[in-house]
Amino acid sequence: MEVTDVKLLLEKHRENSLSHRYITNEKLAPLFSKFKKYADIKIIGQSVLGDDIFSITIGTGSKKILMWSQMHGNESTTTKAIFDLLNTCISNNPITNSILRECTLCIIPILNPDGAKAYTRVNANSVDLNRDAQNRSQPESKVLRAIFKDFNPDFCFNLHGQRTIFSAGSTDKPATVSFLAPAQDEECTITTTRKIAMEIIAEMNISLQKAIPNQVGVYDDAFNINCVGDTFQSENVPTILFEAGHYANDYDRDKTREYIYSAYLTALSYIASTDIDGSNYKPYAAIPENKKLFFDVIIRNARLHNQATTTIDLAFQYEERLDNNEVVFVPIFKEKGDLSNYYAHREIDASNGLVSAIDDNDMKVGNENVFVKLNNEKIALFLK
């Protein structure tokens with residue numbers, strides 16, 4: 001699909017009631033009524049704290065795709081894009097009509113509703129559900145496994161969000177969207193199942209490069225059978241990890257959702273129109289592997305003490321916190337020294353100036369610094 005086509009579609013079908021980072025069952029509940037005419041909406045289980053876990057099944061085709069989002073409760077961008085996709089699906093659009101004719105989608109919009117409400121990665125028992133694929137010790141893990149067995153998908157989309165630290169390879173470009181075709185054995189064998197997942201990812205990358213050139217990455221494929229994607233791949237179901245990352249000045253991830261939406265449409269259209277056998281998997285290898293090369297803020301060429309003659313760089317990373325049902329970003333002082341091999345989403349040139357904490361004390365790694373002083377001028381590091 002062309003970039004302009006995707007933008008027009010999203011402008012028309014964006015679910016405007018969902019925005020920013022804090023997405024919970026309470027925000028989804030009013031939306032279900034408009035899909036009841038077109039989709040089968042079910043309560044498929046409950047979370048640790050008794051909140052409902054929903055599935056939305058839409059389409060009549062023989063190719064079955066299982067999609068789940070917010071396995072990690074604080075990773076909500078893919079959920080927003082799901083409802084943009086669903087709005088398109090019920091709009092009698094030729095693209096989604098074709099998808100729904102050839103495919104059946106089973107979507108779990110929030111697998112971890114307790115984590116979503118608390119804005120945490122883990123569930124209410126402090127368990128990372130994406131490391132619980134084998135033990136299935138948690139009710140949410142049991143729900144996903146039951147749907148996997150009952151729906152018997154031909155493809156799985158494992159939908160996540162990633163931190164702002166990632167670059168697309170060893171570059172100054174953020175990894176705005178990342179993928180992985182997980183390994184299915186310790187040797188990371190390029191099996192037919194993985195080749196099929198790789199081929200779909202390669203197709204999404206071709207499309208995304210038109211919109212965000214050099215801002216797509218892949219993750220390391222080290223095998224971990226406790227991860228859901230690795231488990232499903234090991235059972236010979238082509239599984240794709242989607243990761244929604246950072247785009248310039250888009251900490252709310254309402255721009256990134258456009259690229260995730262585009263990736264959904266591309267992948268689903270390709271599945272709908274193609275008998276995928278993995279023969280076109282090789283372009284996957286050209287997608288750069290993510291590196292951890294970004295901070296949120298770097299103050300360059302700073303002095304920490306009045307008598308200092310040597311300048312250094314000061315790096316800050318935002319910590320996401322829930323405050324009165326709103327996600328706030330708190331700057332934490334992470335590193336100091338020569339950070340010339342790192343990049344930042346915001347850079348401040350101190351020009352040999354003196355930098356101190358707002359109370360005039362020395363800067364200490366690990367401390368919060370909502371403000372700093374640069375030559376006695378107050379500088380805000382937080383996001384407004």
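**Notebook: salt bridges and a helix pair**

I began with Arg321, which is partly exposed at a relative accessible area of 29%. For my own reference, buried means under 20% relative accessible area, exposed means over 50%, and partly exposed lies in between, using a 1.4 Å probe and protein chains only.

A note on the source: this is a predicted model, where local features need pLDDT of at least 70, side-chain atom pairs count only at pLDDT 80 or more, and totals for chains, interfaces and linings use all residues. Residues are numbered from 1 along each chain as its sequence is written, and side-chain values use heavy atoms, with hydrogens and water left out.

**Entry 1: salt bridges**

I looked up the partner of Arg321 and found a salt bridge with Glu319, with the closest N and O atoms 2.6 Å apart. The term asks for a side-chain nitrogen of Lys or Arg within 4 Å of a carboxyl oxygen of Asp or Glu. Glu319 is partly exposed too, at 35% relative accessibility. I also noted a network in which salt bridges with shared partners join Lys80, Asp84, Asp254 and Arg257.

How many salt bridges does a search of the whole structure find? I got 17.

Next I checked Arg121, which pairs with Asp128 in a salt bridge whose closest N and O atoms are 3.0 Å apart. Arg121 counts as partly exposed at 34% relative accessibility, whereas Asp128, at 15%, counts as buried.

Then came Glu258, bridged to Lys255 with 3.2 Å between the closest N and O atoms. Is Glu258 buried or exposed? I have Glu258 down as buried, because its relative accessibility is 8%. Lys255 is partly exposed, with a relative accessible area of 26%.

**Entry 2: H5 against H10**

I turned to helix H5 (residues 94-102) and helix H10 (residues 256-273), which pack at an angle of about 50° with their axes 9 Å apart. That makes H5 oblique to H10; under 35 degrees would be roughly parallel, over 145 roughly antiparallel, 65 to 115 roughly perpendicular, and the rest is oblique. Axes here are lines fitted to C-alpha atoms over the stretch in contact, and angles run from 0 to 180 degrees between N-to-C directions. Helices are DSSP runs (H or I) of at least four residues, numbered from the N terminus.

Which residues meet? From H5 I listed Ile95, Thr96, Ser98, Ile99 and Glu102, and from H10 Leu265, Leu268, Ser269 and Ala272. Contact means heavy atoms within 4.5 Å.

Note on methods
Helices (H or I, at least four residues) and strands (E, at least two) are DSSP runs, numbered from the N terminus.
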